[in-house]
Amino acid sequence: MPGAIHAEGLVKTFGDVTALDGVDLDVPEGTVLGLLGPNGAGKTTTVRVLTTLLRPDSGTATVAGVDVLAHPNEVRRSIGLSGQFAAVDEYLTGRENLQMVGQLYQMKARAAKTRADELLERFRLDDAADRPAKTYSGGMRRRLDLAAALVVAPPVMFMDEPTTGLDPRNRQALWDVIKELVSGGTTLLLTTQYLEEADHLAHDIAVVDHGRVIARGTSDQLKERTGGERVEVVVHDRDAIAPARAVLARYGPGERGLDDVSVEDHTRRLTVPVTGGAKLLAEVIRDLDAVGVEIDDIGLRRPTLDDVFISLTGHAAAREQDDDNGANGLSGGADQPPARARKHRKEPGA
Ligand SMILES: Nc1ncnc2c1ncn2[C@@H]1O[C@H](COP(=O)(O)OP(=O)(O)O)[C@@H](O)[C@H]1O
Ligand SMILES: [Mg+2]
């Protein structure tokens, strides 16, 4: 049975740019799919197609069981999209804006007020609640827009990089609201450049790059695929790197001999994928000691989602959350122009 969101073979080109190169997705009802990928991977284009804002060149999609291409209006009635349909009225206050959204969705006035107050507090807009939205900074506008998208829980929700540009506290507030939304039964497709966010919120992760889904699974499954645990050793002297490498290679998968062990010279750190868990560490320490290698540090670590991302895409994902300042402004919705997204990136050599 197809899930709440189902897409097959979505292709979209813009001139000679292939934004989507055959995207397949399936999101079971009541779950969160994290669409994870670097800038330009095709995340926003995917969201725009699924929310009926853009027609693909080919492929099919259904949302809440309704064909996106054949019945766009019907689809729009069952989805929420942060930044798009939550039209903030400049002249109304933050509180009035949120209450109006509630009433638009036929909430009782009292319930709409309670929900508005709750969201204003969570997104730290309570102090500004009775000022017109036009006096808000960019960061405040963005929070109001997110809050407006969260007044009522739609069956299917799309959020395109919702936390890009939010400070940690507002990010946490958004995560909390998202979790509540999902426990209430909403299906969510969330795009993000932040591995931590996908790890934290998503049941399933689809890694996209160059318009294709290149890997898919739970965070744990993806980490598993990248390899199990690694032993990391920091040796005391540079001279000890070669003998330590020979010892560690005996614990590796054995496919590439010494090359199973990766070496970072300047930190004197050696890493080897292993199977065998913590009791292995004692053996490694003993063997290193037997050949006279002195160590500063040794540990066992699991691959992180960073390791996964790097091994899949060949580059690191975005790491830093920007401050919630005015420059980031407005909504991070599906209509976010690439120029604004680029502001948040740190691309060496770009
Ligand atoms: N309206 C458009 N016109 C031309 N190129 C576009 C348009 N929208 C997206 N693209 C291009 O398609 C690719 C995917 O973009 P996008 O879906 O915005 O990626 P992401 O959201 O993952 O950063 C990029 O190369 C982008 O420049
Ligand atoms: Mg985007």
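Predicted model: local features only at pLDDT ≥ 70, side-chain atom pairs only at ≥ 80, totals over all residues.
**Entry 1: ligand 1**

Residues are numbered from 1 along each chain as its sequence is written, chains are lettered from A and ligands numbered from 1 in the order in which they are written, and side-chain values use heavy atoms, with hydrogens and water left out.

I listed the shell next, counting a residue as near if one of its heavy atoms lies within 4 Å of the ligand. Phe-14, Val-17, Ala-19 and Pro-38 are among the residues around ligand 1. The list also includes the run Asn-39, Gly-40, Ala-41, Gly-42, Lys-43, Thr-44 and Thr-45.

Both β2 (17-27) and α1 (43-50) supply at least two shell residues each. The most comes from α1, with three residues. Helices (H or I, at least four residues) and strands (E, at least two) are DSSP runs, numbered from the N terminus.

I then looked up polar contacts (pairs of N or O atoms within 3.5 Å; within protein, one must be able to donate a hydrogen and the other to accept it, and residues adjacent in sequence count only if both atoms are side-chain atoms). Thr-45 puts a side-chain N or O atom 2.5 Å from a ligand 1 oxygen. For Gly-42, a polar backbone atom is 2.9 Å from an oxygen of the ligand. For Ala-41, a backbone N or O atom is 3.1 Å from a ligand oxygen. On its own, ligand 1 has 560 Å² of accessible area, and the protein covers 66% of that. Areas come from the Shrake-Rupley method with a 1.4 Å probe; for residues, only the protein chains shown count as cover.

**Entry 2: the four-stranded sheet**

I traced an open antiparallel sheet of four strands, in the order β2-β1-β4-β5. Strands pair if DSSP finds at least two bridges between them. At the edges I found β2 and β5 (66-67), each pairing on one side only. Against this sheet packs α1, which touches β1 (5-14), β2 and β4, its direction at about 60° to that of β2. Contact means heavy atoms within 4.5 Å. Angles run from 0 to 180 degrees between N-to-C directions, and axes are lines fitted to C-alpha atoms, for helices over the stretch in contact.

Eight bridges join β1 to β2. His-6 has Asp-26 as its bridge partner in β2. The two strands form a hairpin with two residues between them, and Gly-15 in the turn has a positive phi of about 60°.

**Entry 3: the six-stranded sheet**

Here I read the order β6-β7-β8-β3-β9-β10, an open sheet of mixed pairing. β6 (79-81) and β10 (212-217) have a single partner strand each, so one side of each is left without a neighbour in the sheet. Strand to strand, the twist averages 15°. Four bridges join β3 (residues 32-36) to β9 (residues 204-209) in parallel. In that pair, Gly-34 stands opposite Ile-205.
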